[in-house]
Amino acid sequence: MTEITEAILKKVITKRSSDTHKGDYGRILLIGGSENYGGAIIMSTSGAVNSGAGLTAVATHPVNLTALHARLPEAMFIDWRDAKLANLIKNMDVVVCGPGLGMSDLAKQIMVILRRCTSEKQTVVLDASALDLISEDKSLLPTNAGHLILTPHQMEWQRLSQIRIPFQTDSANIDALNQLIPDSNAMLVLKSNHTHIYDGKGQVFVNPLGNPGMATGGMGDTLAGIIGGFVAQFGPSVDTVLAAVYIHSLAGDLINKDNYVVKPTEVSKVLPKLMKKYSELS
Ligand SMILES: NC(=O)C1=CN([C@@H]2O[C@H](COP(=O)(O)OP(=O)(O)OC[C@H]3O[C@@H](n4cnc5c(N)ncnc54)[C@H](O)[C@@H]3O)[C@@H](O)[C@H]2O)[C@@H](O)CC1
Ligand SMILES: Nc1ncnc2c1ncn2[C@@H]1O[C@H](COP(=O)(O)OP(=O)(O)O)[C@@H](O)[C@H]1O
Ligand SMILES: [Mg+2]
C-alpha cells in the first residue's frame, strides 16, 4: 500500500498556458439533487467549478434551479426530466452521477439513460444514491464508459460489495471490485477517516490527511465534484484521482486548524488558492 504525499499535487496541477480556453479544461455534467437533496448537487457542483472544470452543467430537479444559480451562476442547468438529457450526456467528457439523486423510479430511469449514452471516451464518477441504485440492480452500471470511478463510503460499499464494514480489507475490496466490474478501467475511492483508493489493477493507495471536523453532510458530495473537476482538466489517470482526494483533505485540514467544524462549502472555497500554490511548484 502506498501513502499519497503532497508531491502528487505538484505533479498533477500544472500551470495553465496562455493560449487556452474553457474548452481545454473539460466539459462536466453533474446529475443529482432530488426535491429533498438539492444541497448535495449544489455542493458537488461547487467542488467541480472551484477545482477548475472548463464547462459545468447540472441535471437536477427544477426546484433546485434558483438555489443553484444563486450559488453558482457558472453552472448551466437542465431539468433532469428533459428529453435533451441523453444528448447532453453524449457530449460530456465527465459525468458525475449520484449526489442527492435519491432512489425514485425517475432516478433509476436516469441511470438507464446514463448507461445507454456513455461511451469509451468518457469518465463517469458514481457516488451516493447512484451506488445504492446499482446495489439493487447491477445492470445499471454504465460499463461502456472508458473510465469508471466509484466513490462509496463504507456503508455504500457494504451494500454494493456485500462485504460488511469490519471485513472491508484491501484484498477483499480488490476482489469485490474485480467481480463487480471485470476487465475494466474502474477505480474505487473507498471513503473513511483514511480513504483507500484502488486503481483496479491491484494497487492500493491511502490518504493520510483529513480530520473528524470533516464528518459533515455534503463532504463526500463535494469530493465527487472535485474528482470530476480534476478529471475534466487533468485527464482520467489514477494520479488525478489521488490528487483530488488529497487536496480535498488538505483543504479540510487547513480549515480545521482554527475551525471545529469543516463545512463542505468552505472546502470548495479554498481550492482555487491551493491549486494556484501547487501549480507554481510544479
Ligand atoms: N445536503 C444534502 O442534500 C445532502 C444529501 N445527501 C444525500 O443523501 C443521500 C443518502 O446518503 P447518506 O450517505 O446520508 O446515507 P447512507 O444511508 O448511505 O449512509 C449514511 C450512514 O452510513 C453509516 N456509515 C458507516 N460508515 C460510514 C462512513 N465511513 N462514512 C459515512 N457514513 C458511514 C452512518 O451510520 C451514516 O449515517 C445521498 O443521495 C446523498 O448524496 C448527503 O450527501 C448529505 C447531504
Ligand atoms: N473522521 C474523518 N476523518 C477524515 N475524513 C473524514 C472523516 N469523516 C468524514 N471524512 C471525509 O468526508 C467525506 C464524507 O463522505 P460522505 O460520507 O459520502 O459524505 P456526504 O454523502 O454527506 O457528502 C469523505 O471524503 C471522508 O473521507
Ligand atoms: Mg456521500
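In the unreviewed UniProt entry, the annotation "binding site" covers A40, G100, H153 and D221; such positions are given in the numbering used here, with feature names shortened, and annotations may be inferred rather than shown by experiment. The structure is a predicted model, in which local features need pLDDT of at least 70 and side-chain atom pairs count only at pLDDT 80 or more, whereas totals for chains, interfaces and linings use all residues. Residues are numbered from 1 along each chain as its sequence is written, while chains are lettered from A and ligands numbered from 1 in the order in which they are written.

Two of these annotated residues, A40 and D221, were examined individually. A40 is found in helix α2, residues 38-50, and D221 in helix α9, residues 219-234 (helices are DSSP runs of H or I with at least four residues, strands are runs of E with at least two, and both are numbered from the N terminus). A40 counts as buried because 31 C-beta neighbours are found inside 10 Å, and D221 counts as buried with 29. Here a residue is buried if 20 or more other C-beta atoms lie within 10 Å of its own, exposed if 12 or fewer, and partly exposed in between, with C-beta atoms placed from the backbone. Leaving aside neighbours within four places in sequence, A40 is in contact with G32, G33, P99, G100, A128, G218 and D221 (contact requires C-beta atoms, placed from the backbone, to lie within 7 Å). D221, not counting residues up to four places away in sequence, touches A40, M43, S44, P99, G100, A128 and P264.

T195 is found in the loop between β8 (186-190) and β9 (196-198), and counts as buried with 23 C-beta neighbours inside 10 Å. Apart from neighbours within four places in sequence, T195 is in contact with V189, L190, N207 and V245. G220 has its place in helix α9 and, with 26 C-beta neighbours inside 10 Å, counts as buried. Its contacts, leaving aside neighbours within four places in sequence, are with D127, A128, T151, H153 and K191.

Within helix α7 lies W157, a residue that counts as buried with 26 C-beta neighbours inside 10 Å. W157 touches P152, Q168 and L190, not counting residues up to four places away in sequence. W157 and N173 are 16 residues apart in sequence and 9.0 Å apart in space, C-alpha to C-alpha.

Helix packing was examined for two pairs. The axes of α10 (residues 238-256) and α11 (residues 264-281) come within 9 Å and cross at roughly 105° (axes are lines fitted to C-alpha atoms, for helices over the stretch in contact, and angles run from 0 to 180 degrees between N-to-C directions). That makes α10 roughly perpendicular to α11, where angles under 35 degrees count as roughly parallel, over 145 as roughly antiparallel, 65 to 115 as roughly perpendicular and the rest as oblique. The residues of this contact divide into nine nonpolar, two polar and one charged. The axes of α5 (residues 105-117) and α6 come within 11 Å and cross at roughly 85°, and the two helices are therefore roughly perpendicular to each other. In this pair, A107, K108 and M111 in α5 meet S129, A130 and L133 in α6.

Technical notes
Contact = placed C-beta atoms within 7 Å. Nonpolar A, V, L, I, M, F, W, Y, C, P; charged D, E, K, R; others polar.
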